[in-house]
Amino acid sequence: RRKVGDEAEPSASVGTAGTAGKKPPLTPAVAPTSVVTNWLREIQKFAPSLKAVAWTGPDREKRLHEVDTADVLVTSYALLRRDEEFLQQYEFGYVILDEAQNIKNPLSATARAAKKLRSQRRLALTGTPIENRLSEIWSIYDFLSPGLLGDLTTFEERYARPIDRGDVESVRRLREVIRPLVLRRTKAEARDLPARIVVERECDLPQTQKALYQQVLTQVRQSLLGEIDRMGITRSQIQILAGLTRLRQAACDPRLLKLPGQFGDDDSGKLEALREIVTEAIQGGHRTLIFSQFTEMLALIRKVLDADGVK
């Protein structure tokens with residue numbers, strides 16, 4: 001650990017390599033949207049002296065002043081693509097890709113954006129470096145160490161096609177090339193891992209939705225306080241549940257409240273976050289099961305996923 005820390009120290013003085021007059025963050029960690037919050041928690045737990053900033057949400061530009069003084073910048077693959085030009089302004093000490101299989105397709109916009117990031121060192125974390133075809137591991141190594149495995153055509157001729165035909169010698173040669181860059185832990189060694197991982201994702205509400213939520217909260221609170229004074233808390237339980245349901249609807253999507261006014265997809269922070277999560281899942285070759293206790297919310301989800309071309 002000390003060795004890594006000592007190596008990383010010079011990168012703190014790379015400020016002049018970023019945008020003029022700005023100190024770039026030491027390390028950007030790019031992760032699926034669903035685990036960005038978990039990254040922040042883990043940094044706070046294991047490295048509380050580091051200042052970690054989440055580059056997420058529709059109003060992230062307002063937090064630009066925080067980025068300039070951060071040690072770690074945590075963002076999502078969706079925003080890596082969207083804010084590609086902004087992130088390329090910086091020269092980073094480390095770039096870390098979590099769930100690096102998100103760049104397994106070398107022709108995808110995500111892979112191209114990740115490989116354009118300027119950094120002194122790079123790390124890729126993944127439990128599934130190969131899911132469908134051998135070229136996926138080439139894409140990850142093309143991020144880690146460009147040129148190590150040659151270009152994609154050379155890799156296909158030298159390794160992929162012979163290995164597909166069962167050539168043991170090609171497997172051995174590929175392992176020799178990549179072994180120095182791999183730190184691997186098998187499931188048998190990972191005894192501390194739980195059987196299931198539950199990640200709670202906090203969604204930033206757009207300003208319109210946030211203002212509406214506060215308005216509904218005020219109305220519900222005033223109504224319930226009056227009801228409790230009149231009937232007592234025990235006899236007001238139905239009204240309390242109704243008020244909480246209304247607040248949950250406001251937190252999901254303003255359109256569930258059936259209020260006057262024009263609201264759209266951009267007015268739902270949860271819907272926007274869900275679209276990013278589904279996009280990342282598809283790019284990772286995963287299937288997703290989506291639940292909602294509101295059937296109208298499911299209808300809105302279906303509509304945006306149809307628009308995104310998700311079957």
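Modeller: Helices (H or I, at least four residues) and strands (E, at least two) are DSSP runs, numbered from the N terminus. This is a predicted model, in which local features need pLDDT of at least 70 and side-chain atom pairs count only at pLDDT 80 or more, while totals for chains, interfaces and linings use all residues. Residues are numbered from 1 along each chain as its sequence is written, and side-chain values use heavy atoms, with hydrogens and water left out.

Biologist: Which residues in α6 are buried?

Modeller: They are T110, A111, A113, A114 and K115. Buried means under 20% relative accessible area, exposed over 50%, and partly exposed in between, with a 1.4 Å probe and protein chains only.

Biologist: And the largest nonpolar core: which members touch the most others?

Modeller: Those are L80, L97 and I103, in a core of 22 residues. Two or more residues come from each of α4 (77-82), α5 (84-87), β4 (91-98), α6 (109-116) and α7 (135-144). A nonpolar core is a set of buried Ala, Val, Leu, Ile, Met, Phe, Trp, Tyr and Cys residues joined through side-chain atoms within 4.5 Å.

Biologist: What is L80 in contact with, leaving aside neighbours within four places in sequence?

Modeller: L80 meets V30, L87, T110, A113, A114 and L117; contact means heavy atoms within 4.5 Å. Apart from this core lies another, of twelve residues, including C252, F294, I301 and V304.

Biologist: Turning to the sheet, what is the strand order?

Modeller: The sheet is open, with five strands in the order β2-β3-β1-β4-β5 and parallel pairing. Two strands pair if DSSP finds at least two bridges between them. β2 (52-54) and β5 are at the edges with a single partner strand each, so one side of each has no neighbour in the sheet. From one strand to the next, the twist averages 20 degrees.

Biologist: How many bridges join β1 and β3?

Modeller: Five, in the parallel sense, between β1 (residues 27-31) and β3 (residues 72-76). A31 stands opposite S76 in β3. On this sheet packs α7, which touches β4 and β5 and whose direction makes about 145 degrees with that of β5.

Biologist: Next, α10 and α11. How do their axes lie?

Modeller: The axes of α10 (residues 207-231) and α11 come within 9 Å and cross at roughly 180 degrees. Axes are lines fitted to C-alpha atoms, for helices over the stretch in contact, and angles run from 0 to 180 degrees between N-to-C directions. The two helices are therefore roughly antiparallel, the word used for angles over 145 degrees, whereas under 35 counts as roughly parallel, 65 to 115 as roughly perpendicular and the rest as oblique.

Biologist: Which residues meet there?

Modeller: Among them, V216, L217 and L224 in α10 and I240, L247 and A251 in α11. The contact divides into eleven nonpolar, three polar and two charged residues. Ala, Val, Leu, Ile, Met, Phe, Trp, Tyr, Cys and Pro count as nonpolar, Asp, Glu, Lys and Arg as charged, and the others, Gly among them, as polar.

Biologist: Finally, what is the phi of E99, and where is E99 found?

Modeller: E99 has a positive phi of about 50 degrees although it is not a glycine, and E99 is found in the loop between β4 and α6. E99 is partly exposed, at 32% relative accessible area.
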